[in-house]
Amino acid sequence: MSQTTGASYASAGVDIEAGDRAVELMKEWVKKTQRPEVLGGLGGFAGLFDASALKRYERPLLASATDGVGTKVDIARQMGVYDTIGHDLVAMVMDDIVVCGAEPLFMTDYICVGKVHPERVAAIVKGIAEGCVLAGCALVGGETAEHPGLLGPDDFDVAGAGTGVVEHDRLLGADRIRTGDAVIAMASSGLHSNGYSLVRHVVFDRAGMTLDQRVDELGRTLGEELLEPTKIYSLDCLALTRTTDVHAFSHITGGGLAANLARVIPDGLHATVDRSTWAPGAIFDLVGKAGQVERLELEKTLNMGVGMMAVVPADFVDAALTTLADRGVESWVAGEITERGAHTTGAELVGDYAK
């Protein structure tokens, strides 16, 4: 009579011990993100944040957002570099939250893997923790899920959710914008975390490039360029709210510059952005030429060198540019707000890019 061994979680492909090892490795990084309002440590069923800290607000509004980093995770997987993708995740979540003027408070993450490699998971969390420090928020918890059979042993994905707070009468947005306001652009660090399905199709499928290929125009390998972390603007934007009368921010993500800026432009007004005020980085030109991608398609998919925009009154422009320069953020006046004409939309790009 044949003997059979009973099924187990491990035989199904889930390694609980590896998961526990990953948690131990990530604890030191999570600890670096702690704010005084955070209670307890990693390992509980829920992260705790002391809401009594909000008593200093007259009418606190909680802002929340959730996001991922898209197919950029595949670049990290192919390169075997896992400690930067977390920066992208924090940027995508917390820079959405700061757009309304909210201070980032805390974040949770979700990491899904085909197989738990403890050091790899810890490296991902390290990047998230470092991003949280740059955004000024705490990483209060998360989840690592192992999905054998659905994902390959080296496949993974990340997502996160965050919460911030803003005083009701300090809420930023379309209702504050006025004719004559200036549009200030803040330089991106590269592609950030949007449009990678197009980028990967162009550079790999159409141009036949490889990640280890050095590209003179970029000054480094293609892989290094594609994995450049998304810039986190949260604390820079909050600094602007303290030194200027900011009316609105726009985080330039999926949909491109014009579409995202239009989201904060009120009915009856129009934002004109002059392309001649900046030169997009070499990666944008490379994608355009390698894939014969039309300019309009590039502009509605990629950030074209601008990661965040601020709308401020004209008499606060100098103060805004000075604040950003002092914080090491490259910025410039890129456009203005005018009355909307009969044939204009919320925002448009005009002119040609600087060379």
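Visitor: By class, which residues does the lining of the second largest pocket have?
Guide: The lining has nine nonpolar, two polar and six charged residues. Ala, Val, Leu, Ile, Met, Phe, Trp, Tyr, Cys and Pro count as nonpolar, Asp, Glu, Lys and Arg as charged, and the others, including Gly, as polar. This is a predicted model, in which local features need pLDDT of at least 70 and side-chain atom pairs pLDDT 80 or more, while totals for chains, interfaces and linings use all residues. Numbering starts from 1 along each chain as its sequence is written, and side-chain values use heavy atoms, without hydrogens or water.

Visitor: Which residues lie nearest the centre of that second largest pocket?
Guide: Of the 17 residues that line the second largest pocket, P280, D285, M304, Y353 and K355 lie nearest its centre. A pocket is an open set of points on a 1 Å grid, with protein on both sides within 12 Å along at least five of seven lines; a cavity is a set where a 1.4 Å probe fits but cannot get out, and lining residues have an atom within 4 Å of a point.

Visitor: Which elements give two or more residues to the lining of the second largest pocket?
Guide: They are α9 (282–291) and α10 (295–299). The largest share, five residues, comes from α9. The second largest pocket holds about 330 Å³ of space, a volume being the space filled by probe spheres set on the points.

Visitor: And how many cavities of 30 Å³ or more are there?
Guide: The count comes to one. About 40 Å³ of space lies in the largest cavity, and its lining consists of V113, K115, H117, R120, V121, I124, P153, D154, D155 and F156. That lining divides into five nonpolar, one polar and four charged residues.

Visitor: Which helix gives the most to the lining of the largest cavity?
Guide: Helix α4 (residues 118–135) does, with three residues. Helices here are DSSP runs (H or I) of at least four residues, numbered from the N terminus.

Visitor: Turning to packing, at what angle do α3 and α4 cross?
Guide: The axes of helix α3 (residues 85–97) and α4 cross at roughly 40 degrees and come within 6 Å. The two helices are therefore oblique to each other, since angles under 35 degrees count as roughly parallel, over 145 as roughly antiparallel, 65 to 115 as roughly perpendicular and the rest as oblique. The crossing of α3 and α4 is right-handed.

Visitor: Which residues make the contact?
Guide: From α3 come I85, G86, H87, L89, V90 and M94, and from α4 come I124, G127, I128, E130, G131, C132, L134 and A135. Contact means heavy atoms within 4.5 Å. Nine of these residues are nonpolar, four polar and one charged.

Visitor: How far apart are the axes of α5 and α9?
Guide: The axes of helix α5 (residues 196–206) and α9 are 9 Å apart, at an angle of about 55 degrees. That makes α5 oblique to α9. V199, V202, V203 and R206 of α5 make the contact with L286, V287, A290 and G291 of α9. By class, this contact has six nonpolar, one polar and one charged residues.

Visitor: Finally, which residues in α7 and α11 meet?
Guide: D236, A239, L240 and T243 in α7 meet A319, A320, T323 and L324 in α11. Five of these residues are nonpolar, two polar and one charged. The axes of α7 (residues 234–243) and α11 (residues 317–326) come within 10 Å and cross at roughly 140 degrees, which makes α7 oblique to α11. The axes are lines fitted to C-alpha atoms, over the stretch in contact, and angles run from 0 to 180 degrees between N-to-C directions.

Technical notes. Left-handed = near helix turned anticlockwise from the far one by under 90°.
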